[in-house]
Amino acid sequence: MIPTEYYIFLGSGLFTIGVIGVLTRRNVLIILMSIELILNAVNINLVALSQYFKSVDGQVFAIFVITDAAAEAAVGLGLIIALFRNKETVNADEIDLLKW
Amino acid sequence: MLELITFIILSVVALVSAVFVITRRNAVHSAIWLTVTLFAVGGIFLLQHAEFLFAVQIILYVGGIMVLFLFVVMLVDIDVALKQARFARQWPVALVTAVLLLAIVGYALYNHGKGLNLPARPMVNAPAQNTQAVGMALYQNYMLPVEIASVLLLVAMVGAVIMAKRKLE
């Protein structure tokens, strides 16, 4: 039996790597992939605590998180395609239409 | 013991491939490393006897979302990105912020060596059949959220089609 702490620490490590990816990368596609990493870290924590409390509620919530991830990926990638068509770039720091 | 060794191997694989996801120059390589991370996280679900979630992870994440990602990576021009800087100008500040975040979370979790300070485990038996229990919860207690999630997926599908359409008239 692995202590619940270990899963939580793994989740926070994965979350931090995802946050670093979102904050530092320029490519919008890799920023979206980092968001998937963050959502996976959340899922690890949800499943670990669901196991700890011996109830499936956390796992059901993790399924909803995966649903959200699918919706987010579909809309985000649609945005990237529209963006690439208009601006010819996928770099987050070159998309500065609202900055003056 | 075997469980702990499996856990350590899976978490090292997950963390190392996650680092590769955010450091590779080529977006295709990042996507492939992300697949490795997702498989490792799926293994961790399996280790916690969440078999249904493991299947969902493999079918939906690895089979669905990653294919979508690879499609879009191939659609946008990757040859230009190979010659450009990988990281944004603010990367040192961002790195310090993220490490501080990890330190704060770790300090809060560590709690002076006393562990997580969780409430006591309830004295019930864990459901024996994971998939059956998850299905029962989804279609009995969580009926309304399931319907809302289906509406969300419909909206996301329509939104993605509208967004990726060539011209809005």
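Modeller: Happy to. Contact here means heavy atoms within 4.5 Å, and helices (H or I, at least four residues) and strands (E, at least two) are DSSP runs, numbered from the N terminus. This is a predicted model, in which local features need pLDDT of at least 70 and side-chain atom pairs count only at pLDDT 80 or more, while totals for chains, interfaces and linings use all residues. Residues are numbered from 1 along each chain as its sequence is written, chains are lettered from A and ligands numbered from 1 in the order in which they are written, and side-chain values use heavy atoms, with hydrogens and water left out.

Let's look at helix α7 of chain B, residues 143-164. Its 22 residues reach 32 Å from the first C-alpha to the last, close to the 32 Å expected at 1.5 Å a residue; the expected span is 1.5 Å times one less than the number of residues. Val146(B), Ala149(B), Ala156(B), Gly159(B) and Ala160(B) are the buried residues of α7(B). They cover an arc of only 140° around the axis, which puts them on the same side of α7(B). Buried means under 20% relative accessible area, exposed over 50%, and partly exposed in between (1.4 Å probe, protein chains only); the arc is that of the directions from the helix axis to the C-beta atoms. An α-helix has 3.6 residues a turn, so residues three or four places apart point the same way.

What do the buried residues of α7(B) pack against? Their partners are α3 (57-87) of chain A and α6 (130-141) of chain B. The face turned away from the buried side of α7(B) carries exposed Leu144(B), Ile148(B), Val155(B) and Val161(B).

Now for the meeting of the chains. Chain B brings 82 residues to the contact and chain A brings 69 residues. Together they bury about 6900 Å², 77% of it on carbon and sulfur atoms; buried area is the accessible area (1.4 Å probe) that two parts lose on being put together, summed over both. Between chain B and chain A the count is 0 salt bridges, a salt bridge being a side-chain nitrogen of Lys or Arg within 4 Å of a carboxyl oxygen of Asp or Glu. On the side of chain B that touches chain A, the elements giving two or more residues are α1, α2, α3 (51-75), α5 (91-110), α6 and α7 of chain B. Of these, α3(B) gives the most, with 12 residues.
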